[in-house]
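Subject: Structure handover

Dear colleague,

Please find the structure below. My notes on it follow.

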Amino acid sequence: EIVKTIKLEVPINVSQTRLLRVSADGTHCVLAAGNGRNYLYIINIEKETQYKLQSKFLSSMYGPCFINGETNLVSVGSEQGKFEIWDIQRRKSFKTIRTGISPALASSTSVHNILAIGSQDKRLRLYDVR
């Protein structure tokens with residue numbers, strides 16, 4: 001059963017399934033734009049609103065992750081091996097992590113201020129995001 005439908009600013013196709021994440025409390029969703037697009041959308045599920053955040057550091061955005069599952073911080077990665085941490089309440093990027101590997105991202109998750117990044121080189125890297 002569908003409990004809510006929200007019209008998005010951009011479409012999601014089959015190749016973009018790793019670009020969408022929901023916060024642990026179910027109130028927010030983040031949609032990274034993907035290849036060649038340096039922006040992401042934050043969607044407030046309760047209010048049915050969305051806004052666009054544009055990066056000055058990343059040329060593509062993949063693997064969005066709510067830091068610790070909460071709704072105030074989001075990380076996104078790029079094909080260039082960089083990650084950017086966003087404060088979505090202030091709508092501002094405040095930290096960039098350079099992994100030094102490319103392509104870096106296969107998946108990411110976070111708990112206890114640790115960002116775990118799985119990569120195509122068969123390594124799991126853990127970063128303290130505080």
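How far apart are the mean positions of the positive and negative charges of the protein chain? They are 8 Å apart, for 18 positive and 11 negative charges. Lys and Arg count as positive and Asp and Glu as negative, while His and the chain ends are not counted; the place of a charge is NZ of Lys, CZ of Arg, CG of Asp or CD of Glu.

Two notes on the source. This is a predicted model, in which local features need pLDDT of at least 70 and side-chain atom pairs count only at pLDDT 80 or more, whereas totals for chains, interfaces and linings use all residues. Residues are numbered from 1 along each chain as its sequence is written, and side-chain values use heavy atoms, with hydrogens and water left out.

Overall fold

The protein chain has 11 strands and 0 helices (DSSP runs numbered from the N terminus; strands are E, at least two residues, and helices H or I, at least four). Its radius of gyration is 14 Å, which agrees with the value near 14 Å for a compact globule of 130 residues (taken over C-alpha atoms; the rule is 2.2 Å times the number of residues to the power 0.38). The C-alpha trace spans about 40 × 30 × 30 Å along its principal axes.

Of the 130 residues, 45% count as buried (under 20% relative accessible area; exposed is over 50%, partly exposed in between, with a 1.4 Å probe and protein chains only). Among contacts with a separation of 6 or more, 36% join residues 24 or more positions apart (contact means heavy atoms within 4.5 Å). The chain exposes about 7400 Å², with 49% supplied by carbon and sulfur atoms (Shrake-Rupley method, 1.4 Å probe; for residues, only the protein chains shown count as cover).

Salt bridges

The whole structure holds 2 salt bridges (a side-chain nitrogen of Lys or Arg within 4 Å of a carboxyl oxygen of Asp or Glu). One joins Glu-48 and Lys-4 at 3.6 Å, N to O. Glu-48 is in the loop between strand 3 and strand 4 (49-54) and Lys-4 in the segment before strand 1 (20-22), so the pair ties together parts 44 residues apart in sequence. Glu-48 is partly exposed at 43% relative accessibility, and Lys-4 is partly exposed at 36%.

Arg-90 and Asp-87 form a salt bridge at 3.7 Å, N to O. Arg-90 is exposed at 58%, whereas Asp-87 is buried at 16%.

Arg-37

Arg-37 sits in the loop between strand 2 (28-32) and strand 3 (39-44) and is partly exposed at 36%. Its C-alpha atom is 8.5 Å from that of Leu-58, 21 residues away along the chain.

Regards
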